Amino acid sequence: MRAAYHDVFGDPAEVMLFGEMETPKPGPGEVLIKTILSPIHNHDLWTIRGQYGYVPELPGEIGGSEAVGMVAALGEGVDKALLGQRVSVGGVHGSWAEFFVAKAATLVQLPQSIQDEDAAQLIAMPFSAIALLDSLKAGEGDWLVQTAANGAVGKIMVSLAKARGINLLNLVRRADAVEEMKALGAEHVLSTADEGWLDTAKALIGPAGAVSAIDSVGAELGMALAPLLGKDGEYVVFGTATGAPLQLPSGEMITKHLAVRGFWASRVFSEMSSETQVRLLTELVTLAAQGKLALDVGGVFDLEQVTEAMHAAQTPARSGKIMLRA
């Protein structure tokens with residue numbers, strides 16, 4: 001089968017190769033999936049660099065961790081009704097190939113109304129976003145603030161918060177990102193590069209303040225975010241675009257009894273009950289089927305164009321997920 005793989009760790013645009021690999025065979029409880037589209041996620045890129053929690057065995061590691069495809073063959077003990085079904089699946093290895101293997105229990109069967117471009121990226125980022133939202137104190141009618149709103153999870157959060165009736169303030173770091181977010185349906189968007197943005201944010205949220213804040217930037221931005229929170233508000237650290245230590249104002253933390261915690265999707269997923277997983281996945285699939293889930297595509301490349309695809313996926317300020325077509 002055709003596949004995109006790497007034999008060494010390094011810059012994805014330099015080390016990813018295209019060639020022929022042996023087609024895998026599904027074991028007990030597994031299925032073989034014929035890939036339609038597979039996205040390039042940031043964690044895929046970090047895996048190729050050898051700097052992620054999952055360190056693959058080299059040489060001959062096929063990239064990719066999520067895809068939409070058709071069930072082409074069944075392993076022992078798998079329901080025969082799955083054969084030929086179009087499915088989404090995440091948390092796999094080797095989806096940048098014509099075929100890959102996945103556990104049958106992890107498949108999400110899809111209604112026809114969900115397009116392949118949406119189905120290919122339905123699990124990883126959307127599920128992280130909905131699990132994050134589900135963990136917050138903010139509920140219907142409350143205010144939620146998020147930084148890095150123009151990132152993959154941030155854009156999805158716009159759709160999810162709207163569906164749950166949560167007021168969302170989206171913070172970005174570039175003026176041009178404001179219009180990008182509004183085009184996706186975001187109602188409240190501010191650039192932290194603009195003078196007076198904090199006063200505008202406070203006036204918008206009101207004196208009660210926000211219930212929750214999601215931060216994926218870090219550094220000194222915490223000095224501005226904490227004042228936007230109300231009493232007993234929560235400050236959730238989801239990522240760090242800067243890599244710098246988070247700064248927080250002691251006065252605000254003390255007088256408002258603010259709580260700070262992290263959110264790591266890998267741990268949350270491993271501890272999540274099957275009932276919660278089903279509930280959240282059902283919510284995602286329903287929104288996607290209704291066309292209410294914003295999932296951008298920044299370009300589609302054939303497997304043999306893997307080098308070009310890696311360059312595109314690493315282009316700063318790109319809009320939308322880069323996909324590989326098998």
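## Strands, salt bridges and a pocket

Asp302 stands opposite Arg325 in strand β16. This is a predicted model, in which local features need pLDDT of at least 70, side-chain atom pairs count only at pLDDT 80 or more, and totals for chains, interfaces and linings use all residues. Residues are numbered from 1 along each chain as its sequence is written, and side-chain values use heavy atoms, with hydrogens and water left out.

### Around strand β16

Strands (E, at least two residues) and helices (H or I, at least four) are DSSP runs, numbered from the N terminus. Two strands pair if DSSP finds at least two bridges between them. Strands of a sheet pair through backbone hydrogen bonds, either parallel or antiparallel.

With β15, the pairing is parallel and runs over five bridges. With β3 (residues 30-39), the pairing is antiparallel, and three bridges make the join. Arg325 of β16 is the bridge partner of Leu37, and Arg325 also has Asp302 opposite it.

Is β16 largely enclosed or left open? Four of the five residues of this strand (321-325) are buried, so the rest of the structure largely encloses β16. Here, buried means under 20% relative accessible area, exposed means over 50%, and partly exposed is in between (1.4 Å probe, protein chains only).

Strand β3 also holds Thr35, which counts as buried at 2% relative accessibility. The side chain of Thr35 reaches the backbone oxygen of Ala97 at 2.7 Å.

### A three-stranded sheet

Now move to the start of the chain. Three strands form an open sheet in the order β2-β1-β4, with antiparallel pairing. β2 (17-20) and β4 stand at the edges with a single partner strand each, so one side of each has no neighbour in the sheet. Strand β1 (residues 2-6) is joined to β4 by two bridges, and Tyr5 stands opposite Ile62 in β4.

### Salt bridges across the chain

How many salt bridges does the structure hold? There are twelve, each defined as a side-chain nitrogen of Lys or Arg within 4 Å of a carboxyl oxygen of Asp or Glu. Here are some of them:

| Pair | N to O distance |
|---|---|
| Arg2 and Glu98 | 4.0 Å |
| Glu304 and Arg2 | 2.5 Å |
| Arg164 and Asp134 | 3.1 Å |

Take the salt bridge between Arg2 and Glu98. Arg2 lies in strand β1 and Glu98 in the loop between β6 (86-90) and β7, so the pair ties together parts that are 96 residues apart in sequence. Arg2 also meets Glu304 in a salt bridge. That pair links distant parts of the chain, 302 residues apart, with Glu304 in the loop between β15 (297-302) and α12 (306-313). Arg2 is partly exposed at 22% relative accessible area, and Glu304 is partly exposed at 41%.

Next comes the salt bridge between Arg164 and Asp134. Arg164 is in the loop between α5 (152-163) and β10 (167-172), while Asp134 is in helix α4 (residues 124-135), so this pair ties together parts 30 residues apart in sequence. Arg164, at 22%, is partly exposed, and Asp134, at 28%, counts as partly exposed. Salt bridges with shared partners join Asp134, Arg164, Arg279 and Glu283 into one network.

### The second largest pocket

Rolling a probe the size of a water molecule over the atoms shows where empty space is left. On a 1 Å grid over the protein atoms alone, a pocket is an open set of points where a 1.4 Å probe fits, with protein on both sides within 12 Å along at least five of seven lines, and lining residues have an atom within 4 Å of a point.

The second largest pocket holds about 170 Å³ of space. Its lining includes Met1, Met21, Ile62, His93 and Phe100. Which strand gives the largest share of this lining? β7 does, with three residues. β4 (61-62) and β7 (99-103) each supply at least two lining residues.

How values were computed:
Grid points are joined across faces, edges and corners, and a volume is the space filled by probe spheres set on the points. A polar contact is a pair of N or O atoms within 3.5 Å; within protein, one must be able to donate a hydrogen and the other to accept it, and residues adjacent in sequence count only if both atoms are side-chain atoms.
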